2 protein chains.
Amino acid sequence: MSQPTDEEIYESIIEALHHNDQDRFREEFFKNHTYDQAQIYLTLDPAERVKLHDYLAPQELAEVYDIIDEDDHDRILTFLYDMDDKYAADVLSYMYTDNAVDILNELNVEKVRTYMHLMPKAAADDIKVLMHYADETVGSIMTTEFVSITTNQTVKSAMTMLRAKAANAETIYYLYVVDDDNRLVGVLSLRDLIVNDGNVMVNELMSDRVVSVDVNEDQINVARTIQDYDFLAVPVVEETGELIGIVTVDDVIDVLNDEAMQDYSGLAGVDVDEQYSSPWNSAKSRLPWLITLLFLGMGTSTLISQYEGMISEVATLSLFITLITGTSGNAGTQSLAVAVRKLATPEDEASTMGSMILREIMTGLISGTVTGLVIMTVVGIWQSNFVLGGVIGVSMLAAITVANLAGSLIPILMDKLGFDPAVASGPFITTLSDLTSVLIYFSIASQFLQFLV
Amino acid sequence: MSQPTDEEIYESIIEALHHNDQDRFREEFFKNHTYDQAQIYLTLDPAERVKLHDYLAPQELAEVYDIIDEDDHDRILTFLYDMDDKYAADVLSYMYTDNAVDILNELNVEKVRTYMHLMPKAAADDIKVLMHYADETVGSIMTTEFVSITTNQTVKSAMTMLRAKAANAETIYYLYVVDDDNRLVGVLSLRDLIVNDGNVMVNELMSDRVVSVDVNEDQINVARTIQDYDFLAVPVVEETGELIGIVTVDDVIDVLNDEAMQDYSGLAGVDVDEQYSSPWNSAKSRLPWLITLLFLGMGTSTLISQYEGMISEVATLSLFITLITGTSGNAGTQSLAVAVRKLATPEDEASTMGSMILREIMTGLISGTVTGLVIMTVVGIWQSNFVLGGVIGVSMLAAITVANLAGSLIPILMDKLGFDPAVASGPFITTLSDLTSVLIYFSIASQFLQFLV
């Protein structure tokens with residue numbers, strides 16, 4: 001594994017803080033990689049943290065804050081409140097703009113105004129621009145610290161420019177070429193620069209078929225672009241073609257991770273990132289779904305109550321309720337998952353809505369037929385009643401087909417209506433398919449009642 | 001979105017192939033980014049593809065193959081079989097070693113031997129080394145094309161070395177510093193090189209607390225390292241500390257994506273990447289789970305049959321079977337998802353197995369109590385029988401608690417036994433909890449039978 005934060009260095013850092021030894025603290029602290037500095041920072045108690053803020057310059061703490069994951073941002077908020085306002089504003093101004101905006105978006109308006117007022121105007125302006133972009137758009141994850149050059153530069157002058165900007169740019173490995181109106185016209189990698197002679201012109205080297213994303217697109221599109229093209233960053237343009245930012249691969253990894261967690265949470269009907277909360281909080285976050293579905297489940301109970309007379313006559317029918325609802329619920333969950341994934345991978349645009357649904361119905365009919373035949377045989381032999389076996393088998397076939405249809409149709413409809421299809425949870429599909437399965441089962445059974453008694 | 005592969009360029013490429021116009025083909029083809037070249041390549045018909053192989057040098061096709069996703073590797077296999085063996089061997093030898101190995105691992109031994117024999121010995125040797133690493137280890141995704149330097153070099157000599165290696169290295173943005181025994185002792189970024197004076201020594205600039213991964217570790221560890229530290233690549237070492245390869249961020253994105261898909265597929269009890277197959281194939285891949293769980297479900301039916309007499313006496317009891325099994329199944333799925341995620345994020349090592357299970361039981365008790373009270377009231381009023389309401393409420397409480405326990409315990413046990421906890425699917429948990437819920441419900445109901453008639 002990665003080299004651990006050395007226990008001794010950690011001890012030494014804490015000791016230095018307790019002894020008010022700024023020099024030793026700084027020496028030991030900066031031995032660590034920024035990520036490890038952040039891990040140490042997050043473990044400090046309030047008194048230690050105050051000293052650290054005293055010992056580090058705002059730009060040094062900004063680097064630590066830049067690497068801290070969004071999951072830990074609520075902790076940063078409380079740290080900011082403990083700081084001197086001017087120091088906090090400076091830290092935010094030295095952070096990459098996209099990260100600063102993430103934090104500012106979680107603060108109250110009052111506090112944001114205070115910080116914006118206290119920081120250098122240029123930084124505040126950059127931040128203001130980014131704060132306007134809606135959540136989950138490219139604009140909300142892009143940063144404005146990039147390197148742009150013009151076509152009429154030489155490799156040598158581009159290198160000089162790059163050296164000057166290297167300290168602030170989030171990536172220096174791509175240089176974006178713009179025209180006089182700041183419109184993106186080409187791209188060059190640092191690799192191209194260093195292997196070529198200093199006198200070569202930028203426009204001879206640059207690629208003019210540059211892949212870019214629009215600032216208002218969904219962030220998942222830029223994630224897919226980086227994933228497909230194996231880029232380290234992608235330029236972001238306005239509708240006019242003007243270059244206004246970049247999205248880097250590290251931000252994209254977080255986006256892909258969040259999307260995967262959202263899908264997973266959706267399928268399970270629970271926010272899986274709840275993991276750090278108490279049982280009270282866990283129960284509180286899970287109960288809304290449980291109670292909502294309980295009432296949907298009451299619908300199934302009400303439906304069964306219509307057949308209470310039939311059940312008291314043929315109690316054997318009650319043996320197979322959970323078998324039919326359970327199996328069709330499983331089939332519905334499978335369909336749902338496939339449909340949600342399919343909707344999430346739009347490259348497969350050849351398959352239309354209709355063909356997706358048709359294929360799920362076909363799949364349902366095939367798996368329903370196999371499952372139905374198996375259960376017909378088993379029940380027929382077990383209960384020595386092949387009419388009962390047939391009723392169960394045919395009900396199973398119909399219930400599975402309907403569950404497959406529901407499992408694919410519901411996320412597709414949600415997608416068409418503009419909702420995230422991943423919200424159609426597995427528990428919702430199984431509870432819904434309980435209802436349809438019982439309806440199918442008892443309707444069929446009631447037709448053959450005289451053979452079942 | 002990304003600039004589309006220009007329709008006209010595409011037409012022009014196809015036309016050039018049909019007119020046997022190699023020059024025009026090459027001119028138009030290389031206007032595209034490698035990823036787009038790959039997309040065009042994959043759409044060609046066999047005759048067009050043969051011409052393309054004729055028009056491109058092996059190292060040019062190797063670049064196209066390097067960017068093609070693993071999902072499309074089975075198509076590459078058939079393309080290779082269509083090529084001249086020597087040409088195919090050359091393409092493989094020019095690819096990044098990790099990608100070539102991915103493809104070779106899917107070929108039969110005979111064919112692998114032929115290719116290895118026909119390619120340059122150095123490439124074959126590199127490939128042989130990588131082929132030894134087990135699937136899903138760091139070794140299986142690392143590449144051997146990296147740049148290493150020694151401590152006693154100057155920035156200038158390092159730059160010269162870098163220029164020479166830039167064409168072949170997978171990344172040139174990190175330079176790894178090794179000692180005389182090729183042991184990793186430091187790291188330097190290209191950013192460090194270009195902003196410093198040419199006479200500065202490497203050992204003055206390099207960071208000596210370099211984060212590396214062991215070649216035999218699980219690939220997910222290197223993915224987490226890159227994700228946490230925002231690296232573009234991580235060096236891979238032998239147990240001896242010897243530097244043998246690197247893993248780059250683009251490979252890590254694919255690993256994270258695969259892991260997320262595995263978890264999602266596990267939860268749904270279906271391989272969600274089945275999306276391109278026919279209904280027959282879909283049904284074939286889904287039926288094993290459905291039929292296995294059908295037999296587990298038969299256990300529940302058998303259990304209910306023990307209470308058949310009680311049901312014919314009090315048919316009302318059958319109304320609430322699906323309500324109790326459904327709700328506890330939903331709760332169990334929620335617990336399962338949280339447990340699987342928790343096991344997948346080992347940073348949270350503070351929470352032991354025991355505390356995780358205890359917390360799920362507590363969560364189950366709390367949500368079970370709330371859900372139980374709700375349903376007790378609803379059923380009590382609806383059926384004008386608060387004893388029945390109480391039986392349902394208490395059963396619900398107990399069934400939810402047991403389902404939460406099962407939902408967390410089963411993945412934890414699987415993890416302890418060395419299996420992937422994500423395989424414990426949602427459908428399995430719901431089917432299992434059907435059984436326990438029915439058992440709880442009828443056991444409790446049978447104690448209060450005289451009040452229920």
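**Close-up views of a predicted two-chain model**

**View 1. A:Arg49 and the rings of A:Phe79 and A:Tyr41.** In this predicted model, the charged end of A:Arg49 sits over the ring of A:Phe79, 3.7 Å from the ring centre. A:Arg49 also lies over the face of A:Tyr41, here at 5.8 Å from the ring centre. A charge is taken to sit over a ring if NZ of Lys or CZ of Arg is within 6 Å of the ring centre and within 35 degrees of the ring normal.

**View 2. Aromatic pairs in chain A.** Over all chains, a search of the whole structure finds 28 aromatic pairs, where rings of Phe, Tyr and Trp (its six-membered ring) pair if their centres lie within 6.5 Å, and planes under 30 degrees apart count as stacked, over 60 as edge-to-face and the rest as tilted. One of them joins A:Phe25 and A:Tyr55 in a tilted arrangement, 5.7 Å centre to centre and with 50° between the planes. This pair links distant parts of the chain, 30 residues apart, with A:Phe25 in helix α2 (residues 22-29) and A:Tyr55 in helix α4 (residues 46-55) of chain A; helices are DSSP runs (H or I, at least four residues) numbered from the N terminus. A:Phe25 is buried at a relative accessible area of 0%, and A:Tyr55 counts as buried at 8%, since buried means under 20% relative accessible area, exposed over 50% and partly exposed in between (1.4 Å probe, protein chains only). A:Phe29 and A:Phe30 form an edge-to-face pair, 5.6 Å centre to centre with 80° between the planes; A:Phe29 is buried at 1% relative accessibility, whereas A:Phe30 is partly exposed at 35%.

View 3. A:Tyr35 forms one aromatic cluster with B:Tyr174, B:Tyr176, B:Tyr229 and B:Phe231.

**View 4. The interface of chain A and chain B.** In contact across the interface (heavy atoms within 4.5 Å) are 127 residues of chain A and 127 residues of chain B. Helix α17 (residues 279-305) of chain A gives the largest share of the side of chain A that touches chain B, 19 residues. The rule finds two salt bridges across this interface, a salt bridge being a side-chain nitrogen of Lys or Arg within 4 Å of a carboxyl oxygen of Asp or Glu. A:Glu360 forms a salt bridge with B:Arg286, with the closest N and O atoms 2.7 Å apart.

**Notes.** Residues are numbered from 1 along each chain as its sequence is written, chains are lettered from A and ligands numbered from 1 in the order in which they are written. Local features need pLDDT of at least 70 and side-chain atom pairs count only at pLDDT 80 or more, while totals for chains, interfaces and linings use all residues, and side-chain values use heavy atoms, with hydrogens and water left out.

Note on methods
Helices (H or I, at least four residues) and strands (E, at least two) are DSSP runs, numbered from the N terminus.
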